[in-house]
Amino acid sequence: MPSNRLTQVGAGIVLALLVIATFGPTLSPYDPAEQDLQHRLEAPSAEHPLGTDQLGRDVLTRLLHGARLSLGVAAAVTAVRLVVGTLVGLLAGYAGGWVDEALMRLVDTLLAFPGIILALVIAGILGPSLVNVMLALAVVGWASYARLVRSSVLSLREREFVTAARLLGRSRTHVVARHLVPNAIAPVVVLATLDIGGVILGTAGLSFLGLGAQPPTPEWGTMLASGRNHLREAWWLVNAPGVLIMLTVFGFNLLGDSLRDALSPTQSAQLGEL
Amino acid sequence: MSSGETRDANRERTDGSAADTAPVVELRDVEKAFATERSILNRVLRRDENAAARAVCGVSLTVGRGEAVGLVGESGCGKSTLAKLVTGQLEPDNGAVLLDGTPVGDYTERSGTQCRRIGVVFQNTRESFDSRWTIRRSIEESLGPAASENDVRTGGVESLLRSVNLDPKVAGRYPGALSGGQLQRVAIARALAHDPDVIVLDEPVSGLDMATQATLLNLLDDFRREFGVGYLFISHDLDVVRYLADRLAVMYAGEIVERGPAQSVFERPSHPYTEALVRAIPSDNPMDAPPEPLPGDPPNPENRPSGCPFHPRCSYADTRCEESHPAFTDSRSGASRCHYVEAVESAESGTETSEPVEARDETSKPVEIGDERFESTETETEEANPVDYGAR
């Protein structure tokens, strides 16, 4: 498939998800937490397009509500990662010296652990709740942003337009805010787009393990976990959230890839190393 | 010229009445060396412990208002390092950089006002513009806080662009949309924007076609007369420098080997290196012999020749040149750092006469001086004849 076609698919999926997250919950006639024990584990029908779960709740309604939650969590976590990582990267790259050395060793340490395992440990220590999962995911994820921004800053600060600004007597703050950040931010945005999919997976994974959103919150990972018990009799309970998670991650990754390709080849090479 | 007067008046307020005579920028015996990587073997053997690339060695230079100082030399002779010492991108290891008579450090230690006294036109113009900024924004960044009245800058970015013969509409464009010549003009406009007294121009016209070069040089000349701005004009192209410069400094291996009024240095070089540079200029006449390249390679800055750094490539050189480093000697055109100024001068005037036989007689002196050395090999003896200097 040509790459612009893939871009359209990716953008389409992400756009659809945003629409679902915004308007979805109002479209459904059901309440996501309303139990209807007489109609539990019903197969997909006209009344319940994706069937009902073990407590008779409408699966589609819960997915629609979950979209808002999952995307919101992913956006918040990614935003924290981006901001923290960018600040650390700017500081390390521009200050240099021991500041750079110390920050980069911290980054190396964080990158040495498999992210999801570290997040599992942190969320486990903090106790099961969606907020703690968000915290854990934010803590483990900012390091690659810091790396990326630092390497951009290191090459940018040697560029002559930065020298030109400094020779005019402009302050460091001016140079960082006006020249470095705008020039370093493009690859960061790409990384963030690619990262959202990972965060959604991470949230769903930790929730699946019982560390994240607690029932009856309609979170995709939590739905997956509770559906697992009824895998034999009600396939739709795991398939519906599973397919949705997959589609979401797929959509964000496609979009991220296209964004990366749209940038210069050097920047995509830089990102490829991460 | 009203703007020029205003500026002069402003200057008096800060500098006193001697503003026009006192140099704005002065380099006093500045030296700059760069540490070099030693190989592991050399470290183990403790060899080359003092290895450092000596880019600039004991250079003194002044640039005043309204004065164009040309700096010429081969690639790698330390021209750009010298420029960076002036702008404060580098700090000298020894010696001092003075701004209005006050020693200054690198740009981080200079005040905003001090920084704005010196304008810079970078060697790689395109690189010196943020590709995400419009031309307007780039120039505005450069505009000083207090633009004086009657200034070309009262009209802001547009009038600056107009002063370098560009359509003010260019202000809304990005650097990527401009040609090299246009961008170079923008660079000059930007350097003028903060009302500097001296502009450092590092190879400002290299890589441009002849017509564009000529336009830019004319512009620079106009600005000098109009605003009284001084230039430190760095180029490898003698022709370009000759057009603009009042004074010329010829640099070789990190030191200035000859200095003097541009026209006379160019016409009557008194240092063998300058002489060779002048000879290397291609002639306008295609029937003339092609220009003669200087034999040998520029010296390695990590391992400079003893004595006069030019002696390995010099046709006048003898043992004295190998052993002792000449100081500046007054010459007809200025001052020259050569033991045999007279010999070079007479050789020059010799070649300028049309009869080579006569010239040979006149210039027999350096051959005599060089006897000891040139006896060693026959070819060198031949090369030692100044008339044949570039005939290889």
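**View 1. The buried residues of helix 9 of chain A pack against helix 2 (59–95), helix 8 and helix 10 (236–262) of chain A.** Here two residues are in contact if their C-beta atoms, placed from the backbone, lie within 7 Å, and helices (H or I, at least four residues) and strands (E, at least two) are DSSP runs, numbered from the N terminus. This is a predicted model, in which local features need pLDDT of at least 70 and side-chain atom pairs count only at pLDDT 80 or more, while totals for chains, interfaces and linings use all residues. Residues are numbered from 1 along each chain as its sequence is written, and chains are lettered from A and ligands numbered from 1 in the order in which they are written. Helix 9 (residues 220–228) is mostly covered, with 7 of its 9 residues buried; a residue is buried if 20 or more other C-beta atoms lie within 10 Å of its own, exposed if 12 or fewer, and partly exposed in between, with C-beta atoms placed from the backbone. The buried residues of helix 9 of chain A are A:Trp220, A:Gly221, A:Thr222, A:Met223, A:Leu224, A:Ala225 and A:Gly227.

**View 2. A:Ala184 in helix 8 of chain A.** A:Ala184 counts as buried because it has 23 C-beta neighbours inside 10 Å. Leaving aside residues up to four places away in sequence, A:Ala184 touches A:Val149, A:Ser152, A:Val153 and A:Leu156. The C-alpha atoms of A:Ala184 and A:Ser155 are separated by 9.8 Å, although these two residues are 29 residues apart along the chain.

**View 3. The crossing of helix 7 (residues 160–167) and helix 8 (residues 172–208) of chain A.** Two packed helices are described by the angle between their axes and the distance between the axes. In chain A, the axes of helix 7 and helix 8 come within 10 Å and cross at roughly 145 degrees, where axes are lines fitted to C-alpha atoms, for helices over the stretch in contact, and angles run from 0 to 180 degrees between N-to-C directions. Helix 7 of chain A passes helix 8 of chain A in a right-handed crossing; a crossing is left-handed if the near helix is turned anticlockwise from the far one by less than a right angle, and right-handed if clockwise. Helix 7 of chain A contributes A:Phe161, A:Val162, A:Ala165 and A:Arg166 to the contact, and helix 8 of chain A contributes A:His174, A:Val175 and A:His179.

**View 4. Strand 8 (residues 230–235) of chain B and its parallel neighbours, strand 3 and strand 7 of chain B.** Strand 8 of chain B is mostly covered, 6 of its 6 residues being buried, with B:Gly230, B:Leu232 and B:Ile234 on one side and B:Tyr231, B:Phe233 and B:Ser235 on the other. Strand 3 (residues 68–72) of chain B runs parallel to strand 8 of chain B and is joined to it by 5 bridges, two strands being paired if DSSP finds at least two bridges between them; B:Val69 stands opposite B:Leu232. Strand 7 (residues 198–202) of chain B is likewise parallel to strand 8 of chain B, with 5 bridges, and B:Ile199 has B:Tyr231 as its bridge partner. From strand 7 of chain B the chain passes through helix 8 (residues 210–227) of chain B to strand 8 of chain B in a right-handed β-α-β crossover; a crossover is right-handed if, with the strands pointing away from the viewer, the path from the first strand over the helix to the second runs clockwise.

**View 5. Positive phi at B:Asp195 and B:Ala253.** B:Asp195, which is not a glycine, has a positive phi of about 60 degrees and is found in the loop between helix 7 (180–193) and strand 7 of chain B. B:Asp195 counts as buried because it has 21 C-beta neighbours inside 10 Å. B:Ala253, also a residue other than glycine, has a positive phi near 50 degrees and lies in the loop between strand 9 (247–252) and strand 10 (255–261) of chain B. B:Ala253 is buried, with 24 other C-beta atoms within 10 Å.

**View 6. An open sheet of 4 strands in chain B, with antiparallel pairing.** The strand order is 2-1-4-5, and the edge strands, each pairing on one side only, are strand 2 (52–63) and strand 5 (102–104) of chain B. From one strand to the next, the twist averages 40 degrees. Strand 1 (residues 25–35) and strand 4 (residues 94–99) of chain B run antiparallel and are joined by 5 bridges, with B:Val97 as the bridge partner of B:Leu27. Helix 3 (residues 79–87) of chain B lies across strand 1, strand 2 and strand 4 of chain B, running at about 120 degrees to strand 1 of chain B.
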